[in-house]
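The sequence and the structure are shown first, and the description follows.

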Amino acid sequence: MMKRIATLILGTVFSLAISASDFDAEKFAKDYYQALINTQAPNATDKDIEHYLSFLKDDVGNQHIPYQPDDTRAKGAIERFRKGMTYYLGSHTSYEAKLIETNVGDGFIILKFYNKASGIHPQTKQKNSYAENVMEVLELEEGKVARIRRYTY
């Protein structure tokens, strides 16, 4: 009986180690970045938003000071992301981005990129534009983004 339990435990640990090592954080970082950038294009669609959301955990925390200062994780957070992203969908008339640097660590990814956009705000109908350097720090759990901290500089 003890031999069976030990075998079961070792098998579980071994399978967890294999699944953890199967995760390619570099590929995930590049795919995540491309999915994010695709949501900002003038011709972005709901499908682009859904693809981006597939990288996130349902209770994803998000911090983007001063707009979203609280990074608390809560069930259904992905639905708030969907609603917010859909609101701004297609509001850019031009968009460009360039990945500057990617850093991958144990349980996190840091993306640094430049983005520039112009468009019409969906509520105010005012023309607006911005150009900024962005750093996103992504905390990962189970192969998905659990928390996003976004900084502009």
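## Helix H2

Helix H2 covers residues 25-40; its 16 residues reach 23 Å from the first C-alpha to the last, close to the 22 Å expected at 1.5 Å a residue. The structure described here is a predicted model.

Which residues of H2 are buried? They are Ala25, Phe28, Ala29, Tyr32, Tyr33, Ala35, Leu36, Ile37 and Thr39. An α-helix has 3.6 residues a turn, so residues three or four places apart point the same way.

## Overall composition

The secondary structure of the chain consists of 4 helices and 5 strands. Read from the N terminus, the order of the elements is α-α-α-β-α-β-β-β-β. The chain has 153 residues, of which 31% count as buried. When contacts between residues at least 6 apart in sequence are considered, 52% of them join residues at least 24 apart.

In soluble globular proteins, nonpolar side chains tend to be buried together. In this model the largest nonpolar core has 27 residues, and those with the most contacts inside it are Tyr32, Tyr52, Leu56, Val145 and Ile148. Two or more residues are given to this core by each of H2, helix H3 (46-53), strand S1 (56-64), helix H4 (77-88), strand S3 (108-120), strand S4 (127-141) and strand S5 (144-152). The largest share, 7 residues, comes from H2.

Two residues show how parts of the chain meet. Leu56 touches Tyr32, Ile78, Phe81, Lys144, Val145 and Ile148, leaving out residues up to four places away in sequence. Val60 lies in strand S1 and counts as buried, with 2% relative accessibility. Apart from its neighbours within four places in sequence, Val60 is in contact with Arg73, Ala77, Phe81, Val145, Ala146, Arg147 and Ile148. From C-alpha to C-alpha, Val60 and Phe81 are 9.2 Å apart in space, while 21 residues apart in sequence.

## Aromatic pairs

How many aromatic pairs does a search of the whole structure find? The search finds 6. In one of these pairs, the rings of Phe28 and Phe55 have centres 5.3 Å apart and planes at 70°; the pair is therefore edge-to-face, as the angle is over 60 degrees. This pair links distant parts of the chain, with Phe28 in helix H2 and Phe55 in the loop between H3 and S1, 27 residues apart. Phe28 and Phe55 are both buried.

The rings of Tyr32 and Tyr52 have their centres 5.3 Å apart and their planes at 50°, so this pair is tilted. Because Tyr32 lies in helix H2 and Tyr52 in helix H3, the pair ties together parts that are 20 residues apart in sequence. Tyr32 is buried, with a relative accessible area of 0%, and Tyr52 is buried as well, with a value of 3%. Through ring pairs, Phe23, Phe28, Tyr32, Tyr52 and Phe55 are linked into a cluster.

## Strand pairing and hairpins

Strands S3 and S4 pair in the antiparallel sense over 13 bridges. Within this pairing, Ile110 has Val137 in S4 as its bridge partner. S3 and S4 form a hairpin with 6 residues between them, and Lys125 in the turn has a positive phi of about 65°.

The pairing of S4 with S5 is also antiparallel, over 8 bridges. Here the bridge partner of Glu141 is Lys144 in S5. The hairpin formed by S4 and S5 has 2 residues between the strands, and Glu142 in the turn has a positive phi of about 50°.

## His121 in the loop between S3 and S4

His121 is found in the loop between S3 and S4. Is this histidine buried or exposed? His121 has 18% relative accessibility and therefore counts as buried, the cut-off being under 20%.

Not counting residues up to four places away in sequence, His121 touches Tyr87, Tyr88, Gln126 and Asn128.

Definitions and conventions: Residues are numbered from 1 along each chain as its sequence is written. This is a predicted model: local features need pLDDT of at least 70, side-chain atom pairs count only at pLDDT 80 or more; totals for chains, interfaces and linings use all residues. Side-chain values use heavy atoms; hydrogens and water are left out. The expected span of a helix is 1.5 Å times one less than its number of residues. Buried means under 20% relative accessible area, exposed over 50%, partly exposed in between (1.4 Å probe, protein chains only). A nonpolar core is a set of buried Ala, Val, Leu, Ile, Met, Phe, Trp, Tyr and Cys residues joined through side-chain atoms within 4.5 Å. Contact means heavy atoms within 4.5 Å. Two strands pair if DSSP finds at least two bridges between them. Rings of Phe, Tyr and Trp (its six-membered ring) pair if their centres lie within 6.5 Å; planes under 30 degrees apart count as stacked, over 60 as edge-to-face and the rest as tilted.
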